[in-house]
Amino acid sequence: GSQDSDMAASFDGVDDIISLALPSWCVSTEMLNVLWMDMWLFFLTPQGKTTVLLDAVSNSNMQLLRWQIEALEGKLYGVLLLNTGPSQVQVRRWGPLEVPCKGVWRHVTFTLRTARVKNLFNLPPDLAIVQAYMFVDGKRVLEAEDTSSSGALVRLSQGVCSIFIGGPNPSSFTKSDAGKNLHGKMDNVRVWWPSCPSPSDPSKCNPYAFTSKLRDGALMPAAQDANGRPVYDSDVTLHMVAT
């Protein structure tokens, strides 16, 4: 990427995509536990369109996760999907976005943290999606629907091998994916994994730390700020989970 807009990657909204191979250890559910992505995004797309930003696939080219911007009743939402097509599951829906996105550079961040859980076959563990957040220009985008309560039930049985940027995975492209490619630009796209624990992360790498549990007779999360105050999921900010 570049900080000069004329060096940004341009997408024609038809078939332009970027394929990004991740480090080999990311394919293992025993190694991968977080996946954080951020980018500068410039939309030329009409607001009434759904746009796929990121498609994560396994080493067998199985569709795993999709992050997209979805238009609904004149408003825009960020959406995280498990799988695509008839078997897709909505993991999170954020929004509506409070700032205009067309014709303006916006910094967009997605963070994902999982918990390892046993599966029925005693193979490598599954990854349960517990934390998933979206930020625009550093500000948290709250969930449009209460999907977080069921997030722990959404599992990945495989790790991530590569990510398609700017459009749907071409190997699993269906008629429903037509017209969902990005028409615009991206710059400074990053996929990264934080050091753990980060000094600014009150969860201390515990994926359930922002979830309230009964403690000392009250429902309180395990996460605490520097002053010992509990940090609930609704309190999470960018610097806590994407430093």
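Two strands pair if DSSP finds at least two bridges between them, and the strands themselves (E, at least two residues) are DSSP runs numbered from the N terminus. The model described here is a predicted one, in which local features need pLDDT of at least 70 and side-chain atom pairs count only at pLDDT 80 or more, while totals for chains, interfaces and linings use all residues. Residues are numbered from 1 along each chain as its sequence is written, and side-chain values use heavy atoms, with hydrogens and water left out.

**Strand E5 and its partners**

Strands E4 and E5 form a hairpin with 5 residues between them, and Asn61 in the turn has a positive phi of about 65 degrees. On its other pairing, E5 forms a hairpin with E6 that has 2 residues between the strands, where Glu73 takes a positive phi near 55 degrees. The two pairings are set out below.

| Strands | Direction | Bridges | A bridge pair |
|---|---|---|---|
| E4 (residues 51-57) and E5 | antiparallel | 6 | Thr51 and Ile69 |
| E5 and E6 (residues 75-82) | antiparallel | 8 | Glu70 and Tyr77 |

Strand E5 (residues 63-72) is largely enclosed by the rest of the structure, because 8 of its 10 residues are buried, where buried means under 20% relative accessible area, exposed over 50%, and partly exposed in between (1.4 Å probe, protein chains only).

**The nonpolar cores**

A nonpolar core is a set of buried Ala, Val, Leu, Ile, Met, Phe, Trp, Tyr and Cys residues joined through side-chain atoms within 4.5 Å. The largest one has 40 residues, and those with the most contacts inside it are Leu54, Leu65, Trp67, Phe110, Met134 and Ile163. A second, separate core of 9 residues includes Tyr133, Phe135, Phe210 and Val241. If contact is taken as heavy atoms within 4.5 Å, and residues up to four places away in sequence are not counted, the residues that Trp67 touches include Leu35, Met37, Val79, Trp94 and Leu112.

**Two loop residues**

Val141 has its place in the loop between strand E10 (139-140) and strand E11 (155-156), and it counts as buried because its relative accessibility is 9%. Leaving aside neighbours within four places in sequence, Val141 is in contact with Trp94, Gly95, Leu97, Met134, Phe135 and Val136. The C-alpha atoms of Val141 and Ser212, which are 71 residues apart along the chain, are separated by 21 Å.

Leu123, by contrast, lies in the loop between strand E8 (105-117) and strand E9 (126-136), and it counts as exposed because its relative accessibility is 55%.

How values were computed. Helix = DSSP H or I, 4+ residues; strand = E, 2+ residues; numbered from the N terminus.
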